[in-house]
Amino acid sequence: MPKSSYFYLMFHLKNPVEAYEFYHTVFGAEKVSEEFLPNGDPYIMVNINGCNILLRPADAFGEMTPKGVGCCAKFKTEQDLRSAYEILMKEGTNYSIHTDWHWTPLAALVTDKYGVGWLLSTY
């Protein structure tokens with residue numbers, strides 16, 4: 001069977017292993033694959049609710065995931081959203097929660113400790 005094309009996000013981080021453990025706690029991220037470069041740097045592909053994200057180390061020039069990179073996550077329940085929000089905002093920045101958006105009963109904005117912006121909402 002021929003392989004189909006697909007896309008994935010790529011986060012350039014100081015510590016991909018730590019980031020995987022964090023996203024596993026927050027979103028239940030599942031490890032799809034893990035590879036190590038000859039210098040020992042890990043590349044970890046994770047899946048969060050059907051979206052693949054490659055967690056890779058910042059390169060030798062200090063390349064990091066740029067500010068403004070954002071992801072959206074929808075939660076089945078308000079409790080699930082609030083739980084993720086509480087974890088993300090502990091070391092995050094620019095966080096707020098909203099109950100007045102017309103397309104969702106609850107939404108939250110937060111930039112996590114890795115500089116990734118998240119829009120969290122309920123169904």
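Colleague: What should I know before reading the values?
Modeller: The model is predicted, so local features need pLDDT of at least 70 and side-chain atom pairs count only at pLDDT 80 or more, while totals for chains, interfaces and linings use all residues. Residues are numbered from 1 along each chain as its sequence is written, and side-chain values use heavy atoms, with hydrogens and water left out.

Colleague: How many residues has the largest nonpolar core?
Modeller: That core has 28 residues. Such a core is a set of buried Ala, Val, Leu, Ile, Met, Phe, Trp, Tyr and Cys residues joined through side-chain atoms within 4.5 Å. Buried means under 20% relative accessible area, exposed over 50%, and partly exposed in between (1.4 Å probe, protein chains only).

Colleague: Which residues does F27 touch?
Modeller: Leaving aside residues up to four places away in sequence, F27 touches I48, A73, F75, L88, W118 and L120. Contact means heavy atoms within 4.5 Å.

Colleague: Now the rings. How many aromatic pairs are there?
Modeller: The whole structure holds 10 aromatic pairs. Rings of Phe, Tyr and Trp (its six-membered ring) pair if their centres lie within 6.5 Å; planes under 30 degrees apart are stacked, over 60 edge-to-face and the rest tilted.

Colleague: Why is the pair of Y85 and Y95 edge-to-face?
Modeller: The planes of Y85 and Y95 stand at 80°, with the ring centres 6.5 Å apart, so the pair is edge-to-face.

Colleague: Is Y85 buried or exposed?
Modeller: Y85 is buried, at 6% relative accessible area, whereas Y95 is partly exposed, at 42%.
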